[in-house]
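Please look over the sequence and the model shown below before reading on. The text after it goes through the structure part by part.

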Amino acid sequence: QVQLVESGGGLVQPGGSLRLSCAASGFTLDYYAIGWFRQAPGKEREGVSCISSSDGSTYYADSVKGRFTISRDNAKNTVYLQMNSLKPEDTAVYYCATDFESNCPNEYDYWGQGTQVTVSS
């Protein structure tokens, strides 16, 4: 069964850091692009980052460039999102997703259940 499971969310003070994990089961993650998204209450879902499998290219939303880093550990079948210098506006439920394409797609069909990130003092 194909499954993506996010973890690593929590409550952090502004300026702090968190590392989110997206663990895959039922398929080999290193063959496919993985995207991270977030959705804050009352707002539309926003694409945060993506990492391709074809050449390892990475993409970031302007709002997180220079603060977030996406990476993959193929041995652990996991993709990470390192989030530094967190701001209150980063508060959201974070999701990882794939569409079983090697390059970052425009649409994703398979989603994890999400992990809550709250940035507050």
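**A serine in a loop**

The side chain of Ser52 reaches the backbone nitrogen of Gly56 at a distance of 3.3 Å. This is a polar contact, meaning a pair of N or O atoms within 3.5 Å; within protein, one must be able to donate a hydrogen and the other to accept it, and residues adjacent in sequence count only if both atoms are side-chain atoms. The model is predicted: local features need pLDDT of at least 70, side-chain atom pairs count only at pLDDT 80 or more, and totals for chains, interfaces and linings use all residues. Residues are numbered from 1 along each chain as its sequence is written, and side-chain values use heavy atoms, with hydrogens and water left out.

Ser52 sits in the loop between E5 and strand E6 (58-60). Here helices (H or I, at least four residues) and strands (E, at least two) are DSSP runs, numbered from the N terminus. Is Ser52 buried or exposed? Ser52 has a relative accessible area of 2%, so it is buried. Buried means under 20% relative accessible area, exposed means over 50%, and partly exposed lies in between (1.4 Å probe, protein chains only). Apart from its neighbours within four places in sequence, Ser52 is in contact with Ala33, Ser57, Arg72, Ser102, Asn103 and Cys104. Contact means heavy atoms within 4.5 Å.

**The disulfides**

Cys104 is joined to Cys50 by a disulfide, with 1.9 Å from S to S. A disulfide is a pair of cysteine sulfur atoms within 2.5 Å. The torsion about the S-S bond of Cys50 and Cys104 is about -100°, so this disulfide is left-handed. Cys50 belongs to strand E5 (residues 46-51), while Cys104 is in the loop between E9 and strand E10 (110-111), so the pair ties together parts that are 54 residues apart in sequence. Cys50 is buried at a relative accessible area of 5%, whereas Cys104, at 23%, counts as partly exposed.

How many disulfides does the structure hold? There are two disulfides. The other link is formed by Cys22 and Cys96, whose sulfur atoms are 2.1 Å apart. The link of Cys22 and Cys96 has 75° about the S-S bond and is right-handed. Because Cys22 lies in strand E3 (residues 18-25) and Cys96 in strand E9 (residues 92-98), the pair ties together parts 74 residues apart in sequence. Cys22 is buried, with a relative accessible area of 0%, and Cys96 is buried at 0% too. With bonded cysteines counted along the chain, the disulfides follow the pattern 1-3, 2-4.

**The salt bridges**

Side chains of opposite charge can pair when their charged atoms come close. A search of the whole structure finds four salt bridges, a salt bridge being a side-chain nitrogen of Lys or Arg within 4 Å of a carboxyl oxygen of Asp or Glu.

Arg38 is buried, with 7% relative accessibility. Its side chain meets that of Glu46 in a salt bridge of 2.8 Å, N to O. Glu46 counts as partly exposed at 29% relative accessibility. Arg38 also forms a salt bridge with Asp90, where the closest N and O atoms are 2.9 Å apart. This pair links distant parts of the chain, with Arg38 in strand E4 (residues 34-39) and Asp90 in the loop between strand E8 (78-83) and E9, 52 residues apart. Asp90 is buried, at 1% relative accessibility.

Asp62 counts as exposed, at 65% relative accessibility.

**An open sheet**

Four strands make up an open sheet in the order E1-E3-E8-E7, with antiparallel pairing. Two strands pair if DSSP finds at least two bridges between them. Strand E1 (3-7) and strand E7 (68-73) are the edge strands, each pairing on one side only. On average, neighbouring strands of this sheet are turned by 15° against each other, direction ignored. For such angles, axes are lines fitted to C-alpha atoms, for helices over the stretch in contact, and angles run from 0 to 180 degrees between N-to-C directions.

E7 and E8 run antiparallel and are joined by six bridges. Asp73 has Thr78 in E8 as its bridge partner.
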